[in-house]
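Dear colleague,

Please find below the structure that I am handing over to you. My findings follow it.

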Amino acid sequence: MKALGRNLFAYLDERFKLQGLFAFAEHKKVPEHEYSFWYYFGGIALFLSGIQVATGIMLLLYYTPSIDAAHESIQFIMSQVKFGWLIRSVHSWTANILIGILFVHMFSTFFLKAYRKPRELTWITGFFLLVLFMAFGFSGYLLPWNELSFFATRVGTDIAGALPLVGTWLKGVILGGTTVSQATLSRFFWFHVALLPLAAFTLIAIHVLLVQILGMSVPIKLKDKKLKEISFFPDFIYKDALGWTLILVLIGVICVFLPWEVGKKADPFAATPLGIKPEWYFTFMFTTLKLVPSHVLFVEGEVLAILAFLVGGIFWMLAPFLDRKAARGERSPAATWIGIILLLYIVVMTVLTYTVPKL
Amino acid sequence: MERRRFINFFLGGSFLATLAAFLYPVIKYVLPPKQAEALQKKVAAGKVGELAPNSAKIFKFGATPGILVNTQEGQLLAFSAVCTHLTCTVSFEASTGTLYCPCHNGRFDMTGNVVSGPPPRPIEAYAVEVVGEDIFVSRKA
């Protein structure tokens, strides 16, 4: 048996040059220090993306993207298909956990100033990946065609529609018409299973390639210290795999005890249910829109808030270029404070959404 | 112009033109075709006696929802049920006698004006006409 394995490896090695790959992985070193813990969130995000692809492909087997059958097909998956409840719950829970992990990954990268030169493009591709994954969440949320997702889509697409100049056109393109309809469901399905995966695969490939080429960043305050290094393979991968295993167990436990709900079928002519709110990662924007007055001077409050989010997002994306001190390898407490304020804002608004719904 | 530069220019231009020729139909395909929407002017929204005082019902007004309210005083009023903030569907709150949008807590009075919350404009009020047993709702001129 051992000989067979050796022969098989030799056969594959001759064709794929595996030894070279292993040698590269063994020689590749990863710095280890007091902040190394935060390095693992990127790997976990990648692992969870893999789970989403696998479970998403499985859900395609029974899901029907039609307003007359989508909700019923999800009910069928949840109640009739063997382990359908598990596959769908894993897909839905993982989507939420993945975005949480991406936020942790992004903020840890920000606070460790890992975006600084020469890793600007790694940060920018990461920023767009977060946007893409939020778009995955938004488009996937409508697919079960339930009450909550229907109204969340109406609000979300109207936010796009409130953008000056391009808003109406953009809203029409997203909706495939003027209201949330079959055309919208078809489009969201197309975004979710075709366009977004293609874009995400491309961006992930560039992001991971950049991490490979540039190596892992060392925090500014440690950059002049002699740091311990571990080999990427097998040491770092083993630690990564431990994180993946833990998160997989966590998802499994959550899915068993809290399977993802199907909800009530959407009725476009029903009143919006009380207590409606979007997925948690949109709630900080949702609650902000509640608090902004109808008009600020001569501008509509919602337009102002949406523009502020857009401009804030662009500044956040350009952080590596704006934080000149970090680019020079100097500590930049001002950037850290901006990050802390932003993080606090997101946390406070999210908590308020769930604790003071009548805000 | 130098021959090499001309060829580079020609090939580059041809490449861009080919790319545009591929992309144009793709972009046009992705953009949704314009569909003329029949603008509903008048609909039968309900029957007389169907609504108890201080209650309301949602009805279909073309492609959008409308709301028919029978006030505490027995007056029939109708409005667009689409909130002017971010297009959620409003409902009638009997305890306050107002139209309430649960998405961002917008509130409108029985003339359609904004009472509180972020909606930037009043909600559209419709004309109500009772013909025999039927309640008809139409857009105001």
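Leaving aside its neighbours within four places in sequence, which residues is A:Arg119 in contact with? They are A:Ala114, A:Leu214 and A:Ser217, where contact requires that the C-beta atoms of two residues, placed from the backbone, lie within 7 Å.

Please note that this is a predicted model, in which local features need pLDDT of at least 70 and side-chain atom pairs count only at pLDDT 80 or more, while totals for chains, interfaces and linings use all residues. Residues are numbered from 1 along each chain as its sequence is written, and chains are lettered from A and ligands numbered from 1 in the order in which they are written.

A:Arg119 lies in the loop between helix 5 and helix 6 (120–142) of chain A; helices are DSSP runs of H or I with at least four residues, numbered from the N terminus. This arginine counts as buried because it has 20 C-beta neighbours inside 10 Å (20 or more other C-beta atoms within 10 Å make a residue buried).

Between the chains, the contact takes 30 residues from chain A and 24 residues from chain B. On the side of chain A that touches chain B, the elements giving two or more residues are helix 7 (147–161), helix 8 (167–175), helix 11 (283–291) and helix 12 (301–317). Helix 7 of chain A gives the most, with five residues.

In helix 11 of chain A, the residues A:Phe286, A:Thr287, A:Thr288, A:Leu289 and A:Lys290 are buried. Their cover includes helix 12 and helix 15 (333–355) of chain A.

Also within chain A, the axes of helix 3 (residues 40–59) and helix 10 (residues 232–257) come within 9 Å and cross at roughly 55°; axes are lines fitted to C-alpha atoms over the stretch in contact, and angles run from 0 to 180 degrees between N-to-C directions. The two helices of chain A are therefore oblique to each other (the class left once angles under 35 degrees, over 145 and from 65 to 115 are set apart as roughly parallel, roughly antiparallel and roughly perpendicular). Helix 3 of chain A contributes A:Tyr40, A:Gly43, A:Ile44 and A:Phe47 to the contact, and helix 10 of chain A contributes A:Lys239, A:Asp240, A:Gly243, A:Trp244 and A:Ile247.

Finally, B:Ala78 is in contact with B:Ala45, B:Gly66, B:Ile67, B:Leu68, B:Tyr126, B:Val128 and B:Val137, leaving aside its neighbours within four places in sequence.

With kind regards

Technical notes:
Buried ≥ 20, exposed ≤ 12 C-beta atoms within 10 Å, placed from the backbone.
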